[in-house]
Amino acid sequence: MEDCPVKYAFTVVSGKWKLQILWELNQQDMIRFNELQRRLAGISSFMLSKSLGELEQNKLIIREQYNEVPPRVEYSLTELGKAIHPALKMLGDWGTKVYNECQES
């Protein structure tokens with residue numbers, strides 16, 4: 001199981017926030033840190049920064065820093081990060097189905 005691609009993928013996107021971050025980034029071409037934090041209700045600046053750093057380290061996102069006053073940092077998905085969209089879409093469709101079935105019970 002050590003070399004299992006699914007297990008590896010789970011480690012790359014594991015955690016409370018990473019899939020939500022990837023989803024939000026998928027909805028935008030580029031997004032600034034504060035806007036992303038507003039869209040992720042309940043995430044601390046520390047946790048967002050940590051999660052973004054890990055996603056960047058895994059080559060799923062690009063961090064673009066502009067030397068301006070005040071400083072501006074924008075995030076976007078790499079091609080590898082964009083490749084997760086079909087899986088997120090299917091997970092969303094499944095979540096909608098499960099939610100609707102639970103509401104009918």
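These legends walk through several close-up views of a predicted model.

Local features here need pLDDT of at least 70, side-chain atom pairs count only at pLDDT 80 or more, and totals for chains, interfaces and linings use all residues. Residues are numbered from 1 along each chain as its sequence is written, and side-chain values use heavy atoms, with hydrogens and water left out.

**View 1. The largest nonpolar core has 20 residues.** A nonpolar core is a set of buried Ala, Val, Leu, Ile, Met, Phe, Trp, Tyr and Cys residues joined through side-chain atoms within 4.5 Å. Buried means under 20% relative accessible area, exposed means over 50%, and partly exposed is in between (1.4 Å probe, protein chains only). Look for Ile-21, Leu-22, Leu-48, Leu-52 and Ile-61, which have the most contacts inside this core. At least two core residues come from each of helix H1 (5-13), helix H2 (18-27), helix H3 (33-39), helix H4 (45-57) and strand S3 (72-77). Helices (H or I, at least four residues) and strands (E, at least two) are DSSP runs, numbered from the N terminus. In soluble globular proteins, nonpolar side chains tend to be buried together.

View 2. Ser-51 sits in helix H4 and counts as buried because its relative accessible area is 5%.

**View 3. Lys-59 has a positive phi, near 65 degrees.** You will find Lys-59 in the loop between H4 and S2. Its relative accessibility is 56%, so Lys-59 counts as exposed. Most residues other than glycine have a negative phi, and most peptide bonds are trans.

**View 4. The peptide bond from Val-69 to Pro-70 is cis.** Its omega is near -5 degrees. Pro-70 belongs to the loop between strand S2 (61-66) and S3.

**View 5. Gln-27 and Ser-76 are 49 residues apart along the chain.** Their C-alpha atoms are separated by 10.0 Å. Gln-27 lies in helix H2, and Gln-27 counts as partly exposed because its relative accessible area is 42%.

**View 6. Val-98 is a partly exposed residue of helix H6.** Here the relative accessibility is 31%, so Val-98 falls in the partly exposed class.
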